[in-house]
Amino acid sequence: MSDNSRPRVSRRGFLAGTAAAAAAAAVPAIAQVAAGSPAAAATRPNILLIVTDDQPKHTEWALPKTTAWLADQGVKFTNGHVTTPLCSPSRSSVLTGRYAHNHGVRNNKASYQLDQSTTLPRYLKQAGYRTGLFGKWLNSWTLADNPPHFEDFALLQPGYVDAQWNVNGTVQTINGYTTNIIKNRALGFLDKAAADSRPWFAYVTPYASHGPRTPEAKYAGTAVPDWNGRPSVPEHDRSDKPAYIRNATGALADGKQIREEQLRTLLTVDDTVQAFKAKLQALGQLDNTLVIYIADNGFGWADHGWTKKSVPYRPAHEVPFYLSWPAGGLGAGTTDHRITANIDIAPTVLDAAGITPTHSVDGRSLLSSYSRDHLLVEWWEQGANAGGPPTWASYVAKDKQYTEYYELTTDGNGNVSGTGRVKFREYYDLAGDPYQLTNKLYQATPQDEQTLGIPALAATLAADRTA
């Protein structure tokens, strides 16, 4: 699905050529289709949304069954990003289609700032969908608090083995490997489709590949293909980088270990996705299920010496991103080179379900022909984050990236304070320097900045941060 490989298909466009659309046309709006009616099930796709944790790109080795289904027979977005490379802000963007500066969850402590009336489960449940959550919800969420707008849920207190859960309102310990528990709970939810004709929304969120990256026992000794780094690992000369990167200590050996551990945890995710495909086939629902797979952020394998997330470098905000919906014309195995992001998921799901959101969204439906020329990526420092990155915002295009660091911090509620003074800037020519080794603003002259187009980029970035 390159920009010119086929026409975009919206839900309305797809249904216009079907008998189901003719039936739907008899009612004024999708919300007036009776929940559980055959018309509702026939005209709206099921939604399976899978969000992994801390999974960077270049992890396909661990996902052969997932990519064979969702990429080789669906759509692979080659320029997939998250707009804030941190768990809770990113997940809030997935659920709402909004940038973090608009949904308010600017850090992992601020999860309760999310307006739950703007989320996918709220819209879908209101429109007659069965809704289920299986896995991680939002960081700092109290386990005993039920996640809003889910009819069925198994909410995980993050962990890999013998973890705490809130299962439909009951907090309990469930022994076993959590990815498998998530799989089995979600399969049980899908099974109900045999007796319940309502379309469904399953939000599946395994803890893999987050630290401590504990693999399932059967994969603990699995050999992982060797990897000898990339030019950014660990980038010994970082004199043109901000102080926190100049002081970073990650080495190639650290990156290799993180990668190996992540890949082993993802092998069980791959088994889980395959089980979902088999269940959908058995239920006869494979064609009309919209499946989206994305990570909440990437992760550094000692790129520039950094072994975490939260930074404006590509390994932290670029993520695997796949989609499949055969009944919507998205099941042929195509690639889409548009700049796409987690903020596009909610608009896509709502478009497919025929729902018009009542809140403003920043993303665009991936079923449309819209193609952006750049993306805002942003991150906020929380409190005194000694040794970590300051607050930053970045203009990200395919061929360039411009970043500003600010004198700003946030508190546990996501409230911002500080002067806003720009503390450091970076510009990378991604076409000629894809590993971001040379910051062209380091010791640049005013004429250099004019040549690079920095004034215009800075103005655009400022506008994006307040839009």
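**Backbone exceptions and a buried serine**

Good morning. I begin with His-149, which sits in the loop between strand 3 (130-135) and strand 4 (152-156); strands here are DSSP runs of E with at least two residues, and helices are runs of H or I with at least four, numbered from the N terminus. The model is predicted, so local features need pLDDT of at least 70 and side-chain atom pairs count only at pLDDT 80 or more, while totals for chains, interfaces and linings use all residues. Residues are numbered from 1 along each chain as its sequence is written, and side-chain values use heavy atoms, with hydrogens and water left out.

Most residues other than glycine have a negative phi, and most peptide bonds are trans. His-149, not a glycine, has a positive phi of about 70 degrees. Its relative accessibility is 29%, so His-149 counts as partly exposed (buried means under 20% relative accessible area, exposed over 50%, partly exposed in between, with a 1.4 Å probe and protein chains only). Asp-54 also has a positive phi, near 60 degrees. Asp-54 lies in the loop between strand 1 (46-52) and helix 4 (64-71) and is buried, at 2%.

Which residues do cis peptide bonds join? One joins Gly-211 and Pro-212, with omega about 10 degrees; another joins Val-233 and Pro-234, with omega about -10 degrees. Pro-212 is in the loop between strand 7 (200-205) and helix 9 (243-246), and Pro-234 lies in the loop between strand 7 and helix 9.

Finally, Ser-365 is in the loop between helix 12 (345-353) and strand 11 (375-379). Ser-365 is buried, at 12% relative accessible area. Its side chain makes a polar contact with the side chain of Asp-351, at 2.7 Å (a pair of N or O atoms within 3.5 Å; within protein, one must be able to donate a hydrogen and the other to accept it, and residues adjacent in sequence count only if both atoms are side-chain atoms).
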